[in-house]
Amino acid sequence: MDAQTQLRAAADRAYSMPLEQIDPSDPTLQQDDTHAPYFARLREEDPIHHTADSLFGPFWSVTRYDDIMHVEMNPQLFSSDSRRGGIAIMDGNAAVSLPMFIAMDPPKHDVQRKVVSPIVAPENLARMSGLIRQRTADTLDSLPINQTFDWVPSVSINLTTKMLATLFDFPFEERQLLTYWSDVTTALPGTGVIDSEEHRMAELRKCGEYFLRLWNERVNAEPKPDLISMLAHSEKTRNMPPDEYLGNVLLLIVGGNDTTRNTMSGSVLALNRFPDEYRKLCANPQLLESTAVPEFVRWQTPLAHMRRTATQDTELHGKRIRAGEKVVMWYVSSNREPGKFNDPGSLQLDRENARQHQSFGFGIHRCVGNRLAELQVRILWEEILKRWPEPGQIEVIGEPQRLCNPFVRGYSSLPVRINA
Amino acid sequence: MKITYIDYNGTQRDVEVEAGTNLRDAALNNAIPGIDGDCGGECACATCHVRVDPAWLPRLPTMGDQEKMMLEMMDDRDERSRLGCQIHLSPELDGLVVHTPMGQH
Ligand code: FES
């Protein structure tokens with residue numbers, strides 16, 4: 001079945017099945033890219049939706065922009081604490097339930113976040129941008145011309161892994177480990193990366209040992225501006241228990257890796273799906289300094305959701321949520337809300353409110369690295385357009401392969417050809 | 001009414017704005033650098049962070065809980081920090097002076 005037929009079939013199913021049977025967490029909806037009609041129906045008919053039975057147990061889905069904002073802005077009612085279940089829909093994922101600052105409530109969250117956030121402060125980004133540009137240029141210059149290759153490993157993974165190794169000051173020749181641990185952290189068991197939770201934990205223990213070694217090196221050396229040295233020397237974090245350190249490392253690996261990587265791939269796909277926008281970008285590359293990059297991030301929505309757990313009985317858009325229940329904020333739905341974004345399925349590089357997308361979250365857990373992610377995507381396209389300035393020169397050849405995952409929305413491959 | 005934005009380089013920009021707007025919208029409408037305002041003014045992103053000239057601080061509207069919560073998580077805030085979208089520009093604030101950062105994050 002081609003993509004169009006598949007989507008039409010999904011729309012028929014989404015609107016004919018009993019409402020209560022809709023399960024937005026079904027990972028095949030992301031793999032086939034057929035989630036949109038299910039979320040459209042939920043936004044219209046049942047914006048706070050209960051799924052009684054899923055791969056991930058019972059949970060509430062919040063599908064509208066304003067309701068998600070309400071959940072984000074009330075962390076005392078909707079907790080991120082890993083001891084209650086953390087930030088992703090999967091409860092049993094040992095990696096995602098480790099203590100890490102994204103999965104903490106205030107005040108501890110604020111304290112630990114503030115230790116790492118200076119590395120992505122504007123002054124630091126300005127310093128790093130030359131290096132990012134150089135690496136991007138080298139990567140693009142080594143790509144094959146006029147033949148089909150896979151954009152995902154050659155560009156997206158390549159660039160984000162190098163950046164991450166730089167942020168951690170991680171041994172550069174072993175940097176592919178970072179990508180591997182990122183995949184291990186977020187994969188669903190049985191989808192090609194890991195077979196079971198035990199397997200996941202065994203691999204992550206190795207990651208923990210590796211990073212413990214780096215910690216021990218850094219803690220005994222002069223402080224340096226890399227993330228590990230910062231954690232090892234800060235008064236606020238230097239006594240962190242090992243599992244908390246590992247948790248924070250994994251958060252930074254996934255946060256610095258998956259999301260940017262998949263937006264880089266998504267931007268190529270989106271421009272190919274919307275050739276008028278590709279033309280617009282080539283005619284006006286300054287769009288990269290204003291709304292084009294946030295629009296790529298909205299269009300891709302590299303994390304489908306974030307999860308919270310209700311700390312007490314509360315009401316949400318007329319529905320009664322009980323203490324302890326799982327509440328999932330579907331960014332992939334709110335970023336496609338027609339009342340918020342005009343013709344939301346389409347890419348519009350000059351979309352006026354593109355920055356209001358929810359892909360980075362809002363409130364106190366808003367993505368700490370969001371400006372670094374944007375910078376990397378912006379530089380990538382600036383360098384692409386310098387080399388290949390014509391619309392369609394980066395041409396998608398055939399269908400991408402998407403991850404079977406309800407959390408990370410991404411690509412395992414994207415065949416392209418550079419026409420030059 | 002007049003608002004003065006001073007950027008991280010010390011460059012001063014005086015802009016004429018309508019009373020009733022807020023410090024974020026006034027900045028965006030006048031292409032003031034260093035203010036992003038991603039959330040659209042919902043007090044949910046902290047990318048409209050400004051530092052208020054000390055002389056003006058006591059005359060500003062008091063901080064709400066949500067603004068306090070957002071400022072609390074920022075590594076670079078100080079006692080002069082406010083979120084621009086929460087500063088409603090009433091006529092008494094004519095002449096207000098604020099400092100904008102190099103960029104938001
Ligand atoms: S515009 Fe988002 S907090 Fe002010």
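Helices (H or I, at least four residues) and strands (E, at least two) are DSSP runs, numbered from the N terminus. The structure is a predicted model, in which local features need pLDDT of at least 70, side-chain atom pairs count only at pLDDT 80 or more, and totals for chains, interfaces and linings use all residues. Residues are numbered from 1 along each chain as its sequence is written, chains are lettered from A and ligands numbered from 1 in the order in which they are written, and side-chain values use heavy atoms, with hydrogens and water left out.

Salt bridges come first. A salt bridge is a side-chain nitrogen of Lys or Arg within 4 Å of a carboxyl oxygen of Asp or Glu. Over all chains, the structure holds 43 of them. One joins the side chains of Asp276(A) and Arg279(A), at 2.5 Å from N to O. Both residues lie in helix 12 (residues 275-283) of chain A; because they are three residues apart, about one helical turn separates them. Asp276(A) is exposed at 53%, and Arg279(A) is partly exposed at 45%.

Asp91(A) and Lys326(A) form another salt bridge, with their closest N and O atoms 2.7 Å apart. Asp91(A) sits in the loop between strand 3 (78-79) and helix 5 of chain A, and Lys326(A) in strand 8 (residues 326-330), so the pair ties together parts 235 residues apart in sequence. Asp91(A) is partly exposed at 40%. Lys326(A) is buried at 6%. A network of salt bridges links Arg133(A), Asp141(A), Arg378(A), Glu382(A), Glu383(A), Lys386(A) and Arg387(A).

Helix 13 (residues 292-300) of chain A is largely enclosed by the rest of the structure, because nine of its nine residues are buried. Among them are Glu295(A), Arg298(A) and Trp299(A). Contact means heavy atoms within 4.5 Å. The buried residues of helix 13 pack against helix 11 (242-273), helix 15 (370-387) and strand 11 (411-413) of chain A. Just after helix 13, Thr301(A) takes a positive phi of about 45°.

His109(A) lies in helix 5 (residues 108-116) of chain A. His109(A) counts as buried, at 1% relative accessibility. Leaving aside neighbours within four places in sequence, His109(A) is in contact with Phe101(A), Met104(A), Ile364(A) and His365(A). A polar contact is a pair of N or O atoms within 3.5 Å; within protein, one must be able to donate a hydrogen and the other to accept it, and residues adjacent in sequence count only if both atoms are side-chain atoms. Such a contact, of 2.7 Å, joins the side chains of His109(A) and Asp110(A).

How values were computed
Buried means under 20% relative accessible area, exposed over 50%, partly exposed in between (1.4 Å probe, protein chains only).
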